[in-house]
Amino acid sequence: MMPPATATPAARTGQARDKILATAFRLFYAHGLRAAGIDTIIAESGVAKATFYKYFPAKDELILAYLEKVDGLWTGQLHAAAEAAGPDPAAQLVGLFDALAGACRGDGYRGCAFINAAAESASGTRVHLRTVAHKEHIRAWIRDLAAQAGARDPDQLARSLTLVLDGGLASGVLDADPAAAIAARDTAAQLVAASLGRNP
């Protein structure tokens, strides 16, 4: 194994990209996409300006990389929460809401990064389209679970559950009340039960 001091140039440049992205992740989420400027990101990441532009020729490229990272993290949390509920798709539809509790209690929580990004980007731009793609992907996954569970109208149930999920994310930043996540989960349980013709 090569010691850090003799790391290859490719490894060093990969580390530079990771530092830029980690810094952007923190600043974009805390301050917003437009308020976090390129010069600040370069200064706080400790890379040369030329290195920054080598990886991210335009700010939107960095924003898209940030959203990709957020997507992986949040989607992973949702899937983990669903899987923790067991193999029953109906239970997973409710269990995925357990991800809300962890997200909303985190230090510096400022709501859904995708909703925030959509609010700051013009319709039709690559950034806005990326936010829409994320929401559509989550809804499609929930729709598949709803179909597996035997929901009468999987599309409608998925739409309703994603609205509750987004509402829970928004409530977490508006009132910072942990009860919001519990209420969202309870609402999801009622929606799932109604769609399956069961008692909640």
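Predicted model: local features only at pLDDT ≥ 70, side-chain atom pairs only at ≥ 80, totals over all residues.
Four aromatic pairs are present in the structure. One of them joins Phe25 and Tyr66 in an edge-to-face arrangement, with ring centres 5.6 Å apart and planes at 75°. This pair links distant parts of the chain. Phe25 belongs to helix α1 (residues 9-31) and Tyr66 to helix α4 (residues 59-84), a separation of 41 residues. Phe25 is partly exposed, at 25% relative accessibility. Tyr66 is buried, at 2%. Phe52 and Tyr53 form another edge-to-face pair, 5.1 Å centre to centre with 85° between the planes. Here Phe52 is buried because its relative accessibility is 0%, whereas Tyr53 is partly exposed at 37%.

Phe25, Phe28 and Tyr66 make up one aromatic cluster.

Phe52 touches Ile20, Ile38, Ile41, Ile42, Val47 and Leu62, leaving aside residues up to four places away in sequence. In soluble globular proteins, nonpolar side chains tend to be buried together.

Nine salt bridges were found in the structure. Asp71 and Arg130 meet through their side chains, at 2.6 Å from N to O. Asp71 lies in helix α4 and Arg130 in helix α8 (residues 126-149), so this bridge ties together parts 59 residues apart in sequence. Both ends are buried: Asp71 has 11% relative accessibility and Arg130 has 15%. Glu68 joins Asp71 and Arg130 in a network of salt bridges.

Helix α8 also provides partners for helix α9 (residues 154-174). Asp166 forms a salt bridge with Lys135, the closest N and O atoms lying 2.7 Å apart. Asp166 is in α9 and Lys135 in α8, 31 residues apart. Asp166 is partly exposed, at 22% relative accessibility. A further bridge connects the side chains of Arg143 and Asp155, at 3.1 Å from N to O. Arg143 lies in α8 and Asp155 in α9, so the pair ties together parts 12 residues apart in sequence. Arg143 is partly exposed, with a relative accessible area of 29%. Asp155 is also partly exposed, at 47%.

Note on methods
Residues numbered from 1 in each chain as written. Heavy atoms only, no water. Phe/Tyr/Trp six-rings, centres within 6.5 Å; stacked < 30°, edge-to-face > 60°. Helix = DSSP H or I, 4+ residues; strand = E, 2+ residues; numbered from the N terminus. Buried < 20%, exposed > 50% of the residue type's maximum accessible area, 1.4 Å probe, protein only. Contact = heavy atoms within 4.5 Å. Salt bridge = Lys/Arg side-chain N within 4 Å of Asp/Glu carboxyl O.
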